[in-house]
Amino acid sequence: MKSSDLHAPSPVVQAPPVQARSSADWPFFAALAILSGTYVLLILGMLAADLSFTTPHHLLAALASPEIRFSIKLSLLSCTLTTLLALWVAVPTGYLMSRHEFPGKRFMDAILDIPIVLPPLVIGLSLLILFQTPLGRALQRHVPITYAVPSVILAQFAVACAFAVRTMLVTFDQISPRCEQVALTLGCNRSQAFWRVALPEARRGLLTAGTLAWARALGEFGPILIFSGATRLRTEVLPTTVFLELSIGNIEAAVAVSLIMIVAALAVLTLARGFGLRGPLERVW
Amino acid sequence: MRGKLHPPASNALRRRGACSARASFWALAALGSVAMMAVLAALLFWLSRNPQGSNVVTRKPLVLFCAAGLKPPVEAVARRYERTYGIPVQIQYGGSGTLLSNIRVSHLGDLFLAADESYLKSARELGLVAETIPLALQRPVIVVRSGNPQHIHTLEDLQSGGTRFALANPDAASIGRTVRALLSHTGQWAEFERKVAVFKPTVNEVANDVKLGSVDAGIVWDATAQQYPELEGVHLPIFDGAPETISIGVLRESAQPTAALRFARYLAACDQGLREFGRAHYRITDGDEWAETPEIRLFSGAMLRPGVEQTLKEFERREGCRITTVYNGCGILTAQMRAGERPDAYFACDQSFMSRVADLYGPPATLVDDRLVLLVQKGNPQGLRDVRDLTRPGLRIGLPHHEKSAMGFVAWRMLKAMGLYDQLGPNLKVESPTGDFLVNQMRTGSLDAVIACRSHYTTAQAHLDSLPIDDPLARLDQPFAVGRASRYPQMMARLLDALAAPASRARFESAGFGWRYQPISAP
């Protein structure tokens, strides 16, 4: 028990920075630098290739188009809503799976992986078929879902949530239950222990789960194409825009939209990380 | 010692005072996230309710020129529309011909409801009317007082010496024009005209005269006769064979076409206006269901998008409907239909895919065609001459996927027939779901030649060259059909009209498609 505590990685305690490198370490660091550098170069190379296929004129033209402005808005709003919904499901699911034993837990664990494993198109098709069942049709008589905005959120949620759940499960697994147990001995009930101890400790995981879900939702395409259609000014999100522009051979505009997407994603993720790690969450701790 | 505790726990326990603050922060954060979700959902709702360029229905009064005989049902529907939607409908009644002259002279008004199709046809030829929507059918009958005291059963009875009968003026009213046309056709008109005791300006006045007894009989519409309890209609075979369609047309000069169309749709809706026509004894047509903003779902082959997109946008704005268009490879679209999707209409990339789902659609109308071409890099560096050169060793070839896309199916069928498909061997590097992907792959330089369509070449001609494929199988016929399950068959017929209009044709042709549309029946 104690040894596991010692080895459990803590999200709070930072590893001490390496103060002095002995000269014999350089091959090790060189290997690290080369391996990680290759990947970074690959990413930068892709970006540079994208840039070579577009011009500021194309970027401005893309931003001026009402269809693309709509898809930017729809993408950002729907991703954020999806992220919050995913966290509301992922935190309790991860906590339950990590802290409790119950019959069917292995089965549930496997089920939760299905959205990660399935090809995105299949998820879209499955959602489409689900909403053609009598129950789905009955629901749609009151709330239009298929080919409407709710379908975008549902398609994003179906995939993004699985990643958030996985992240929260690992996060809670890595947090020792001991502190919660201590809190229980000090008079907290289960709910208080969760709100006061487990959740604050999981904040980095929460942030990671949130950003991961957001990024997945932003990039979501296959299910949306099938389940939401590709209707301009209605269910067109940024990846749909890229697809629609590509589908008429307008590579320049497709690349311009991709760059807008990259910039938006980087801005939001950087902001979220900065806010999350140095903002109020940190201060409360 | 504290070191035995897990550090966060020790921190937590050491600063128990912060504990409640922290808990309330997290509770607030949870509440805040719920509030934020509500705000986001509201913003998304607002975003989807305010599509840019959507129609705005004004509250200005609508002006309707209406054939006098149709007053009972039309008046009732118009008053109900006013009560429900707060938009006044000002109706000017008269004979169809008189109204047509009014419209020509005044250039005012929004809608024209004529008693038969011929006036709308004239109006359309004069460029006065845009869309028309059929409402009901009617036939001429001889009208007599109840019990038919004079025993009038044929045209001859009518023309026999002692019977005075009235007819509406053929130049002013639809019924007169219809009777004149029918009798001229059989050569009876000249004599019949001499026997008419009086010509009246509208059909109602003919019926009134019979009711008052100033004439013994008249010729009116069957529905008009039924609106008078004291009168009865005598059906004649010569009239029964040619029912006239009552249609409403939207005037081209209307300053508020969307509002005008909306009332026309209401009048022609099977669950609104047409009910009133049914009550007034008209034989009604198959109308659309009523919806203030109809939601239309269109499945379209991805390659057709450059041709249809702008037309759909304009149609949506004018009709005040919302069209959800699903663009995809036809193989995927037909698979979705097999999975239970029932779009209101389907625009297929090739007849072969339409016939796979023919049971779900009405008769298709072929609008455009496209031809397979061989696309090569600019300047044709490989020196390819025609499609047979694709088997040359070392070439990197791309084809559209023969199951996912219609074009792929047509290309596959052609290459099979030429005996080339199985010889492509390692040259065939990729089968893409849509032709555009092939064009993109060509543009990035990863392929030497692809088979795609002329319309794909149109978008990429700055970067690629095309070689024609001379083969009768290298053609895609692209039909449009209305779903049998559609709630809006009339609106879909108007969509077909819009797609077949000259502006749409120009768009298709500039996108590289060939024009094929033949009106099914030219009246």
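pLDDT is the predictor's confidence in each residue, from 0 to 100. The model shown in these views is predicted.

**View 1. Confidence along chain A.** Chain A has a mean pLDDT of 83. In this chain, 87% of the residues reach 70 or more.

**View 2. A nonpolar patch on the surface of chain A.** Six side chains are labelled here: A:Phe107, A:Ile111, A:Ile114, A:Leu118, A:Leu121 and A:Val122. Together they have about 520 Å² of accessible area. Two helices of chain A, α5 (105–117) and α6 (120–130), each supply at least two residues of the patch. The top contributor is α5(A), with three residues.

**View 3. A:Phe107 within the patch.** A:Phe107 sits in helix α5 of chain A and belongs to the nonpolar patch. Its relative accessible area is 60%. Exposed means over 50%, so A:Phe107 counts as exposed.

View 4. The largest nonpolar core holds 112 residues. Within this core, B:Tyr346, B:Leu367, B:Leu372 and B:Ile451 touch the most other members. A second, separate core has 71 residues. Among its members are B:Cys66, B:Val143, B:Trp189 and B:Leu231.

**View 5. Positive phi at B:Asn148.** B:Asn148 is not a glycine, yet its phi is positive, at about 50°. The residue lies in a loop of chain B, between β5 (140–145) and α6 (155–159).

**View 6. Positive phi at B:Asn380.** Here too a residue other than glycine has a positive phi, about 50° at B:Asn380. The loop that holds B:Asn380 runs between β15 (365–377) and β16 (397–400) of chain B. B:Asn380 has 17% relative accessibility. The 20% limit for buried residues applies again, so B:Asn380 is classed as buried.

How values were computed: Residues numbered from 1 in each chain as written. Chains lettered and ligands numbered in written order. Predicted model: local features only at pLDDT ≥ 70, side-chain atom pairs only at ≥ 80, totals over all residues. Heavy atoms only, no water. Patch = residues over 30% accessible without salt bridge, like charges linked within 9 Å, V, L, I, M, F, W, Y side chains within 5 Å. Areas by Shrake-Rupley, 256 points an atom, 1.4 Å probe, with all protein chains shown as cover. Salt bridge = Lys/Arg side-chain N within 4 Å of Asp/Glu carboxyl O. Helix = DSSP H or I, 4+ residues; strand = E, 2+ residues; numbered from the N terminus. Buried < 20%, exposed > 50% of the residue type's maximum accessible area, 1.4 Å probe, protein only. Core = buried A, V, L, I, M, F, W, Y, C linked by side-chain atoms within 4.5 Å.
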